[in-house]
Amino acid sequence: MRRTKQRTLPDYFDLAKQKSPKQADFYARVYEVVARIPKGKVTSYGAIGQALGLRSSARVVGYAMGLIPDDPSLPAHRVLNRLGELSAAHKFGGYEPMRKRLEREGVTFKGRHVDMQKHFWDPSE
């Protein structure tokens with residue numbers, strides 16, 4: 001059996017840019033959706049994937065979010081998991097900094113979860 005080197009996400013993105021324009025295009029479309037999330041609203045990885053026409057693509061959107069360029073104009077902190085958990089808090093210095101950033105925008109919480117009924121933004125609308 002032939003063993004292959006396991007790719008890290010940055011390697012995967014570089015490979016996508018070099019060999020799969022379709023994959024790189026998908027990531028760019030994810031970032032375009034993220035840029036449209038209104039202040040005071042949040043969305044989920046899965047909702048972004050569905051808006052882009054790919055059911056069950058939350059994981060691929062997660063990969064794209066993990067590689068998101070360091071660009072303050074992209075409100076990546078507004079993308080959560082489907083339960084309203086701050087699943088990417090490590091990218092923002094931890095849970096509290098990400099929560100404070102969302103609260104400054106008017107997002108409210110129920111315990112440690114965003115009130116998704118009140119703040120969910122559907123990117124497909």
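**A loop position and the interior**

A: Glycine 106 sits in the loop between α5 and β3 (109-110), where helices (H or I, at least four residues) and strands (E, at least two) are DSSP runs numbered from the N terminus. The model is predicted, with local features needing pLDDT of at least 70 and side-chain atom pairs pLDDT 80 or more, while totals for chains, interfaces and linings use all residues. Residues are numbered from 1 along each chain as its sequence is written, and side-chain values use heavy atoms, without hydrogens and water.

With a relative accessible area of 42%, glycine 106 is partly exposed; under 20% counts as buried, over 50% as exposed, and the range in between as partly exposed (1.4 Å probe, protein chains only). Its C-alpha atom is separated by 8.4 Å from that of lysine 41, 65 residues apart along the chain.

Serine 57 is buried, at a relative accessible area of 6%. Leaving out residues up to four places away in sequence, serine 57 touches Gly49 and Gln50, contact meaning heavy atoms within 4.5 Å.

In α4, the buried residues are Val61, Ala64 and Met65. They fall within an arc of 100° seen down the axis of α4, so they line one face of the helix; the arc is that of the directions from the helix axis to the C-beta atoms. An α-helix has 3.6 residues a turn, so residues three or four places apart point the same way.

Met65 is also among the members with the most contacts to others in the largest nonpolar core, along with Val30, Leu86 and Val114; this core has 32 residues. Such a core is a set of buried Ala, Val, Leu, Ile, Met, Phe, Trp, Tyr and Cys residues joined through side-chain atoms within 4.5 Å. At least two residues of this core come from each of α2 (21-36), α3 (45-51), α4, β2 (79-80) and α5 (95-104), and α2 gives the largest share, six residues. Beyond four places in sequence, leucine 86 touches Leu80, Tyr95, Met98, Arg99, Leu102, Phe109 and Val114.

The largest pocket holds about 310 Å³. Its lining has 18 residues, of which Met65, Ile68, Ala76, Lys91 and Phe92 are closest to the centre. A pocket is an open set of points on a 1 Å grid over the protein atoms alone, with protein on both sides within 12 Å along at least five of seven lines; lining residues have an atom within 4 Å of a point. Volume is the space filled by probe spheres set on the points, which are joined across faces, edges and corners. Helix α4 (residues 58-66) gives the most to this lining, three residues.

Definitions and conventions
1 Å grid on protein atoms, 1.4 Å probe; cavity = no way out; pocket = protein on both sides within 12 Å on 5 of 7 lines; lining within 4 Å.
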